[in-house]
Amino acid sequence: MKKSVRVLISGRVQGVWFRQSAADRANELGLAGWVRNRYAGEVEGLFEGEENALQKMLEWCERGPPRARVDFVEKSFGEAQGLRPPVTVKESA
């Protein structure tokens with residue numbers, strides 16, 4: 001069953017290719033959604049897909065790309081909204 005999860009990731013997550021790496025990983029997993037920088041310094045993402053793929057994406061978010069340092073991942077789960085792949089990188093908000 002498809003679900004969605006919104007994440008807000010804090011730490012050293014900007015300037016380390018986090019957004020593009022997250023989009024690449026999510027697309028490998030067949031997810032839909034988006035990822036963007038927040039002006040406050042976090043990375044925010046919305047991912048939608050099968051629960052097992054979402055779990056793998058959340059595990060990746062806890063680590064991030066090699067140059068990142070993830071301090072905390074806030075997660076909000078919800079119902080699927082009907083988004084379609086691919087995961088895209090959005091402008092900062």
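Predicted model: local features only at pLDDT ≥ 70, side-chain atom pairs only at ≥ 80, totals over all residues.
Two strands count as paired if DSSP finds at least two bridges between them. Helices (H or I, at least four residues) and strands (E, at least two) are DSSP runs, numbered from the N terminus. Residues are numbered from 1 along each chain as its sequence is written, and side-chain values use heavy atoms, with hydrogens and water left out. Local features need pLDDT of at least 70 and side-chain atom pairs count only at pLDDT 80 or more, while totals for chains, interfaces and linings use all residues.

- Strand β2 (residues 32-37) pairs with β5 in the parallel sense, over three bridges.
- G33 has a bridge partner in each of two strands: F47 in β3 and V87 in β5.

**Strand β3 and V43**

- Seven of the eight residues of β3 are buried, where buried means under 20% relative accessible area, exposed means over 50% and partly exposed lies in between (1.4 Å probe, protein chains only).
- V43 lies in β3 (residues 43-50) and is buried, with a relative accessible area of 0%.
- Leaving aside neighbours within four places in sequence, V43 is in contact (heavy atoms within 4.5 Å) with V7, L8, I9, V13, Q14, F18, R19, V35, R36 and N37.
- V13 is 30 residues from V43 along the chain, and their C-alpha atoms are separated by 6.5 Å.

**Helices**

- The axes of helix α1 (residues 18-28) and helix α2 (residues 51-63) come within 10 Å and cross at roughly 155°.
- Axes are lines fitted to C-alpha atoms, for helices over the stretch in contact, and angles run from 0 to 180 degrees between N-to-C directions.
- The two helices α1 and α2 are therefore roughly antiparallel, a term for angles over 145 degrees; under 35 is roughly parallel, 65 to 115 roughly perpendicular and the rest oblique.
- On the α1 side, F18, S21, A22, R25 and A26 meet K56, M57, W60 and C61 of α2.
- By class, this contact has six nonpolar, one polar and two charged residues; Ala, Val, Leu, Ile, Met, Phe, Trp, Tyr, Cys and Pro count as nonpolar, Asp, Glu, Lys and Arg as charged, and the others, Gly among them, as polar.

**Backbone exceptions**

- Most residues other than glycine have a negative phi, and most peptide bonds are trans.
- W17 is not a glycine but has a positive phi of about 65°.
- W17 sits in the loop between β1 and α1 and counts as exposed at 62% relative accessibility.
- P85 and P86 are joined by a cis peptide bond, with omega about 10°; P86 is in the loop between β4 and β5.
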